[in-house]
Structure formats: structure tokens, C-alpha cells
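This report covers the pockets, the ligand shell and the overall fold, in that order.

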Amino acid sequence: MVPPMIELSSVTKRYGALAALDGVDLSVAPGAFVALVGGSGSGKTTLLKTINGLIRPDSGHIAVAGDDVSAAEPHALRRRIGYVFQEVGLFPHLTVAENIAITPKLLGWDAARRAARVAELLDLVALPQEVAARAPSALSGGQRQRVGVARALAAEPRLMLMDEPFGALDPITRDALGADYRALHERLGLTTVMVTHDMAEAVLLADRVVVLAGGRILADGAPAELLAQSRDPTVRALLEAPKRQAERLRERLGA
Ligand SMILES: Nc1ncnc2c1ncn2[C@@H]1O[C@H](COP(=O)(O)OP(=O)(O)O)[C@@H](O)[C@H]1O
Ligand SMILES: [Mg+2]
């Protein structure tokens with residue numbers, strides 16, 4: 001049997017008296033596209049960071065593709081898990097190509113292999129080859145996010161963790177990047193967990209929505225399933241918002 005790509009059992013992480021994660025159980029199948037939603041401070045970033053070992057939980061167990069994360073070697077984890085940060089986090093003094101090749105360099109790939117991989121990744125995220133030599137500051141916000149995605153994919157991970165990857169972008173760029181990323185997820189056979197506070201984005205991109213509140217999972221299921229079954233008022237309000245918005249748009253635009 002194929003193990004789940006991600007398995008969390010009773011994961012708790014405390015900061016003093018506050019439980020950022022409070023007994024989280026979560027299993028994500030290979031190939032799934034999960035949206036992780038919840039208010040500010042609900043534990044979304046903490047959850048992502050426990051999965052790739054950046055944060056160690058106080059108790060509980062985490063496995064990626066069947067392997068215990070607490071026992072994993074950091075390089076091996078970096079190769080296997082792509083991480084796109086909330087604030088992109090490109091190094092300003094490195095070129096785009098050097099930013100993308102950070103993990104391959106850590107893994108000891110030679111210069112020729114790194115250059116070939118950078119060229120391939122720029123194509124993959126639909127950026128022109130000429131941006132390779134530029135500084136990140138010479139790119140638009142959307143292009144920088146594409147570099148962030150390319151960097152995360154550099155060592156061919158099977159799992160992608162993305163923390164509000166498109167949060168700071170204008171709606172048109174955001175929509176295009178979301179759709180392009182979903183296509184990449186399919187093409188590369190990835191497993192993706194994407195944090196977003198935009199419920200419409202979650203419903204449009206993900207097959208499964210996990211709602212966090214106060215470090216606990218409040219709801220977990222396919223968007224239509226949650227809308228039909230959840231009695232929790234917070235979950236209902238979250239899911240009904242994009243539906244109401246779509247209806248209002250249809251009325252106003254007469255489409
Ligand atoms: N390093 C830290 N020290 C103290 N409290 C923290 C730290 N990191 C996160 N927290 C707290 O844990 C809770 C969850 O944080 P976080 O996972 O960043 O939430 P989210 O990403 O959903 O906004 C918040 O209340 C936050 O203030
Ligand atoms: Mg966060």
C-alpha cells in the first residue's frame with residue numbers, strides 16, 4: 001500500500017500558554033491539492049513548517065511519504081519538499097538564476113547541471129530566459145512569485161507547501177498564477193498544500209479544503225461536501241462567501 005504523502009497524528013505546538021497547534025490529525029494522499037484556510041493566527045504557517053521540519057512539535061508524530069520527519073536529514077527534506085514562502089524571500093544580492101539554484105547547489109550539483117535545471121525551470125513557470133541574470137528587484141511581483149515557485153521545484157520535490165503564495169498580487173496576476181500552478185501540479189504529479197485566506201481561490205484550485213481555527217481542524221472535505229454538510233457557522237460563512245459573491249457578480253454583470 002502507498003503511504004500517505006503527509007501524515008500528522010496528535011500534533012501539538014505551544015508558545016508559552018498558547019497552543020499554535022492543538023492535537024492536529026491530518027492525512028494527505030499522494031496527488032492531492034489541499035487548501036489550508038483559517039483566520040490570522042489560526043496556525044496555518046506553523047502547520048506547514050512542522051511538515052518540513054522547520055518547526056519541531058512538542059508532541060505528536062509527523063511522517064512524509066512514510067518517513068518520520070524528526071529523524072530526517074535536513075538536506076533530504078529540502079529536496080523532497082518544496083516550500084514557497086508568504087513573503088517570497090528571494091535573496092536580493094543573488095541573481096534570479098542563483099536564487100533558483102540554491103537547493104541544487106546545497107545538494108552539490110555542478111554548475112552545468114544547475115544552469116540546465118534553471119533554464120528548464122524558467123520554461124516550466126513561463127518566465128523568459130533573459131530574467132536569469134537579473135536581480136529580483138528588476139522583476140514584477142508576479143514574476144518574483146514565479147521565481148519562488150521555480151526555486152521550490154528545483155530539486156524535483158514531490159510535495160509542495162505554499163504559504164499564501166499569491167497573497168500580495170493584483171487579482172488578475174493572482175488568477176493567472178493560480179491556474180498556471182494548478183496545471184503544473186497536474187503535469188508534475190505533485191502533492192500540494194496551499195495556505196490561502198481567499199476562499200474563492202481555495203474552492204477554485206483545491207480538491208479539498210481544511211479549515212483551521214485556534215490550532216484545531218474545524219472542517220475538512222471537498223468544498224461542495226463542506227457546504228452541504230458542515231453545520232459550523234464559521235465554516236458555512238467561509239464557504240458561502242464566494243458563492244454569494246459569484247451570484248452578485250452574475251446579477252450585476254448580467255452574465
Ligand atoms: N515564534 C513564535 N513565538 C510565539 N508565538 C508564535 C510564534 N509563531 C507563531 N506564534 C503564534 O502562534 C499562533 C499561530 O501562528 P501562525 O501559525 O503563524 O498563524 P497563521 O499562519 O494562521 O496566521 C499565533 O497566535 C501566533 O502569534
Ligand atoms: Mg501565516
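## Largest pocket

Four elements, α2 (74-80), β6 (81-84), α4 (102-106) and α6 (141-153), each supply at least two residues of the lining of the largest pocket. Helices and strands here are DSSP runs (H or I, at least four residues, for helices; E, at least two, for strands), numbered from the N terminus. α2 gives the most to this lining, with four residues. The lining has 22 residues, and N52, R78, Y83, F85 and T103 lie nearest the pocket centre. By class, 13 are nonpolar, five polar and four charged. Ala, Val, Leu, Ile, Met, Phe, Trp, Tyr, Cys and Pro count as nonpolar, Asp, Glu, Lys and Arg as charged, and the others, Gly among them, as polar.

The space in the largest pocket is about 490 Å³. A pocket is an open set of points on a 1 Å grid over the protein atoms alone, where a 1.4 Å probe fits, with protein on both sides within 12 Å along at least five of seven lines; lining residues have an atom within 4 Å of a point. Points are joined across faces, edges and corners, and the volume is the space filled by probe spheres set on them.

## Model and numbering

This is a predicted model: local features need pLDDT of at least 70, side-chain atom pairs count only at pLDDT 80 or more, and totals for chains, interfaces and linings use all residues. Residues are numbered from 1 along each chain as its sequence is written, chains are lettered from A and ligands numbered from 1 in the order in which they are written, and side-chain values use heavy atoms, with hydrogens and water left out.

## Second largest pocket

The second largest pocket has a volume of about 230 Å³. Its lining includes P171, R174, D175, G178 and A179. D198, A200, E201, L204 and L205 also line this pocket. α7 (171-188) and α8 (199-205) each supply at least two lining residues. α7 gives the most, with five. The classes are five nonpolar, one polar and four charged.

## Ligand 1

Which residues are around ligand 1? They are Y15, L18, A20, G39, S40, G41, S42, G43, K44, T45 and T46 (a heavy atom within 4 Å). Three are nonpolar, seven polar and one charged.

β2 (18-28) and α1 (44-51) each give two or more residues to the shell. The largest share, three residues, comes from α1.

## Overall fold

The chain has ten helices and ten strands. Its radius of gyration (over C-alpha atoms) is 19 Å, close to the 18 Å of the globule rule (2.2 Å times the number of residues to the power 0.38) for 255 residues, so the chain is as compact as a globular protein of that length. Along the principal axes, the C-alpha atoms fill a box of roughly 55 × 55 × 40 Å.
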